Amino acid sequence: MAHYNFREIEEKWRSYWKENDIYKVSNDSDAPKYYVLDMFPYPSGAGLHVGHPLGYIASDIVSRFKRLKGFNVLHPMGFDSFGLPAEQYAIETGQHPALTTASNIKRYKEQLQNIGFSFDWSREVQTSDPSFYKWTQWIFMQLFNSWYDQDEDKARGIDELTEIFEIKGNENLHAACDEDTPDFSAEEWRSWDQKEKDKILLKYRLTYLAEMMVNWCPALGTVLSNDEVKDGYSERGGHPVERKKMLQWMMRITAYADRLLTGLDTIDWPEPLKEMQRNWIGKSIGAELDFAILNHEEKIKVFTTRVDTVFGVSFLVLAPESEIVSEITTDEQRGDVDGYVAQAINRSERERQMDVKTISGVFTGAYAIHPFSGDEIPIWVADYVLSGYGTGAVMAVPAGDQRDYDFARHFGLPIIPINEQADISQQADPTKEGVVINSDFLNGLSPMEAMQRGVEEVEKRQIGKAKVNYRMRDAIFTRQRYWGEPLPVYFKDGLPELLDEAQLPLVLPEVDKYLPTEDGDPPLGRAEDWKTEDGHPLELSTMPGWAGSSWYFFRYMDADNDKEFAGKSALDYWENVDLYIGGSEHATGHLLYSRFWTKFLKDRGYVNVEEPFRKLINQGMIQGRSNFVYRVKESDTFVTFSRRKEYDTIAMHVDVNIVDNDVLDVEKFRKWRPDFSNAEFILEDDGTYVCGHEIEKMSKRYYNVVNPDDIVEQYGADTLRLYEMFLGPIEQFKPWNTNGIDGVFKFLRKFWNLFHDDQDEFCVTAEKATDQELKVLHRTIKKAQEDIERLSFNTSVSEFMICVNELTSMKCDKHEILEPLAIVISPYAPHITEEIWRKLGHTESITTADYPLFDEKYLVEESHEYPISVNGKMRTKMSFSLDMTREQITTEVLASDVVRKWLEGKEPKKVIVVPHKIVNVVV
């Protein structure tokens with residue numbers, strides 16, 4: 001058997017690719033473009049484990065395939081290098097986050113390069129590099145200088161808005177703005193000084209300052225998103241999180257809500273992910289009603305999609321965060337309300353939404369006036385109402401909503417029947433069938449008819465208006481931390497102003513510590529002279545983690561451009577990403593914000609596309625296969641798996657890297673756990689210690705992390721690439737099992753042997769291929785191409801194995817067969833195929849080859865192998881030409897020695913021939 005020296009081969013070709021810029025791509029090409037992108041990683045200190053490269057391998061296969069098909073392929077890689085872990089490490093050690101990040105990136109790049117990815121590293125971006133975040137700051141400035149025109153359904157420059165105000169104020173202006181924006185005339189606008197005008201403009205800008213209720217984590221010194229908080233604690237570090245109001249920069253993403261929703265119909269994304277975005281955006285069509293408050297001038301605005309149920313309202317509920325709560329609470333109820341609010345606001349919105357069993361609330365002592373009936377309705381405060389959705393107030397209809405129903409039953413509040421069909425004796429009934437009752441002018445109508453009539457009546461009586469509402473809120477755009485992009489903003493007379501573009505990038509300053517100041521200011525407050533030349537203070541907060549990732553895919557198109565975030569010709573050529581691969585956990589974060597920023601950049605004429613990612617695939621997770629040892633309680637004795645139930649044992653995770661096919665290396669275990677260096681082991685009969693196993697998340701906590709470097713060292717990168725694809729469909733979760741990798745390694749050795757004789761000499765002949773060899777080859781070409789185009793990589797690997805096995809059994813050594821096969825396998829196993837390609841006499845990389853075309857004529861079957869049965873039992877198989885008649889097949893079958901043996905001299909009663917299926921001889 002020929003010797004396959006994968007280490008030497010892989011090191012050789014990785015060096016060749018790097019030295020010759022094989023994967024460097026040009027923006028100046030007549031070839032059709034194809035842009036393949038992976039979600040760029042955050043460079044953590046732990047480096048990659050074998051689960052991380054899954055999506056990268058898939059995208060690399062597509063990239064290599066598209067190159068072979070004649071496309072100019074952009075396949076870059078970079079790093080989302082701002083993040084809390086580096087800052088936390090800086091707080092603990094004093095080491096600057098930039099140093100930690102640089103070290104981690106170096107490690108990541110080494111690991112990625114070892115796997116043989118075809119990344120164009122000349123286009124690498126790092127979000128923490130000032131040459132990159134200069135343009136993140138620049139995009140922020142464009143957002144600040146823009147407003148959203150709802151009539152034109154696009155963003156426009158703020159200068160155009162001031163011109164409108166000069167001519168007609170904001171009369172009949174349909175624009176995205178703050179809820180409390182006042183009406184004003186052109187005369188009033190012109191009479192105001194610049195400071196007053198700036199205050200008004202801030203209510204329209206697409207990025208603006210506002211006081212928001214946020215998740216504040218004192219230990220981390222920053223605001224956290226809802227996704228970063230679990231059960232009142234930070235997901236990272238498990239620190240307590242409290243809800244408090246803070247002045248924050250906001251992004252007016254709600255202006256784009258409808259375009260973000262309708263745009264989902266134009267892109268090829270997984271339907272579950274699109275549904276997640278639809279639900280997050282949460283479009284609702286209904287009415288906003290004004291409820292007057294008894295003995296108060298304020299009104300409570302309530303949004304409802306079911307105005308047909310308005311006569312079933314028996315109480316109102318306010319969110320604990322609502323400012324009006326303290327204003328309307330009576331003296332008698334003040335203590336109870338204040339105590340409840342203080343407790344409720346520290347629960348996360350997610351926790352409040354999920355906890356449907358706990359019923360809590362407090363009566364404010366105030367009453368609202370029903371806008372139709374005039375009845376007095378008690379106003380309560382309860383944490384099942386969220387300030388972030390609608391108006392932060394709910395008109396409670398116990399008969400039609402289960403949470404309202406449970407609340408009413410718990411506190412003894414009225415439940416008014418509003419539908420003659422509904423049975424509300426045990427639970428609410430939100431039906432839209434039946435006939436409305438107890439509802440004045442809506443009586444006798446169906447719920448659907450009542451909805452329309454109700455909205456008409458609301459507007460006729462001027463007690464509200466028809467309204468489209470969205471669950472999505474404007475996005476918080478600042479974090480009170482150090483390691484992030486500085487905002488290019490200073491404050492003059494308390495109002496924000498932008499730096500000049502010539503002053504970009506505004507680079508992070510040096511600080512003595514990475515903690516908030518003694519006064520509670522963010523870490524940038526520790527910087528000396530953090531102010532403009534004129535002495536105006538600069539913004540102390542930094543941008544959130546999603547800022548750089550919202551546009552980085554454009555920077556790859558023209559990464560060295562120091563004049564623009566990307567040049568027009570590059571943007572025109574590459575347009576957007578053709579295939580994007582990454583996790584579904586980013587559905588309502590990065591993927592939503594990227595779409596928002598892309599639509600904005602298109603509105604302002606900077607890009608030509610409405611969507612950033614044409615096709616998106618969510619790769620599944622490679623799960624860990626954990627191993628366990630079984631320790632006898634209160635002893636240093638460990639029992640092998642098969643005998644564990646004979647003792648009272650505790651299962652303990654053990655490092656999978658000292659376990660081979662579930663057999664523990666006992667001596668390595670003693671070194672790994674010095675505290676058990678003298679432990680006793682009760683073994684199997686064959687003298688081995690067999691571990692238990694379980695499928696879990698791959699995590700250092702479970703000691704089941706497998707380092708890809710170890711796999712590459714032991715089996716080679718090509719084996720790793722093929723094995724990860726072989727594990728199963730790219731979208732599915734699948735367990736890693738190193739025990740199965742040996743089969744893939746053997747396949748590559750078999751493939752290598754096709755080109756070499758037993759003396760390890762390269763041996764490929766010019767002999768003409770047989771029809772059967774051509775059939776095997778062209779079947780594989782066809783299968784591999786179809787599989788890549790539908791991203792079904794695991795089935796291609798299976799086909800390669802079948803193909804190589806069949807060619808091996810045929811002793812095929814034909815150039816006509818083996819050269820095309822090397823090209824077909826090259827996207828999956830680039831190192832071994834480059835070596836073979838060079839041995840075949842080529843002087844250029846295999847990446848310059850043309851993907852072979854399959855010819856259908858070789859796939860046409862000329863014969864069929866029939867199973868031959870006698871009295872229903874299969875006795876042999878025979879092949880017959882496809883153009884043979886039933887009579888000819890019958891004659892051949894009855895003449896067969898095998899069949900004659902089983903007939904035992906008897907004449908058959910009949911012979912059943914099912915064409916292209918079976919033959920059955922009935923005796």
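**Exercise 1. The open sheet**

In what order do the four strands of the open sheet stand, and is the pairing parallel or antiparallel?

*Solution.* The structure is a predicted model.

Step 1. The order of the four strands is β2-β1-β20-β21, and their pairing is parallel.

Step 2. Strands β2 (72–74) and β21 (613–618) form the edges, each pairing on one side only.

Step 3. On average, neighbouring strands of this sheet are turned by 20° against each other, direction ignored.

Step 4. For detail, consider strand β20 (residues 577–582): five bridges join β20 to β21. Gly582 has Asn618 of β21 opposite.

**Exercise 2. Helices across the sheet strands**

Determine which strands helices α2 and α18 lie across, and at what angles they run.

*Solution.* Step 1. Helix α2 (residues 53–68) lies across β1, β2 and β20; relative to β1, helix α2 runs at about 170°.

Step 1. Helix α18 (residues 590–603) lies across β20 and β21, and its angle to β21 is about 175°.

**Exercise 3. The setting of Asp120**

*Solution.* Step 1. Asp120 belongs to the loop that links α4 (97–114) and α5 (130–144).

Step 1. The limit for a buried residue is under 20% relative accessible area.

**Exercise 4. The buried residues of helix α8**

List the buried residues of α8 and name elements that cover them.

*Solution.* Step 1. In helix α8 (residues 194–202), the buried residues are Lys197, Asp198, Ile200, Leu201 and Leu202.

Step 1. Their cover includes α5, α6 (158–168), α7 (186–191), β5 (207–217) and β19 (495–498).

**Exercise 5. Backbone features in loops**

Describe the phi values of Asp21 and Asn871, and the peptide bond from Leu504 to Pro505.

*Solution.* Step 1. Asp21, a residue other than glycine, has a positive phi near 50°. Asp21 sits in the loop between α1 (6–19) and β1 (33–38). Because its relative accessible area is 48%, Asp21 is partly exposed.

Step 1. Asn871 is not a glycine, yet its phi is positive, at about 55°. The loop between β30 (863–870) and β31 (873–881) holds Asn871. With 47% relative accessibility, Asn871 counts as partly exposed.

Step 2. The peptide bond from Leu504 to Pro505 is cis, its omega being near 0°. Pro505 is located in the loop between β19 and α16 (552–555).

Terms used:
Residues are numbered from 1 along each chain as its sequence is written. This is a predicted model: local features need pLDDT of at least 70, side-chain atom pairs count only at pLDDT 80 or more; totals for chains, interfaces and linings use all residues. Side-chain values use heavy atoms; hydrogens and water are left out. Helices (H or I, at least four residues) and strands (E, at least two) are DSSP runs, numbered from the N terminus. Buried means under 20% relative accessible area, exposed over 50%, partly exposed in between (1.4 Å probe, protein chains only). Contact means heavy atoms within 4.5 Å. Two strands pair if DSSP finds at least two bridges between them. Axes are lines fitted to C-alpha atoms, for helices over the stretch in contact, and angles run from 0 to 180 degrees between N-to-C directions.
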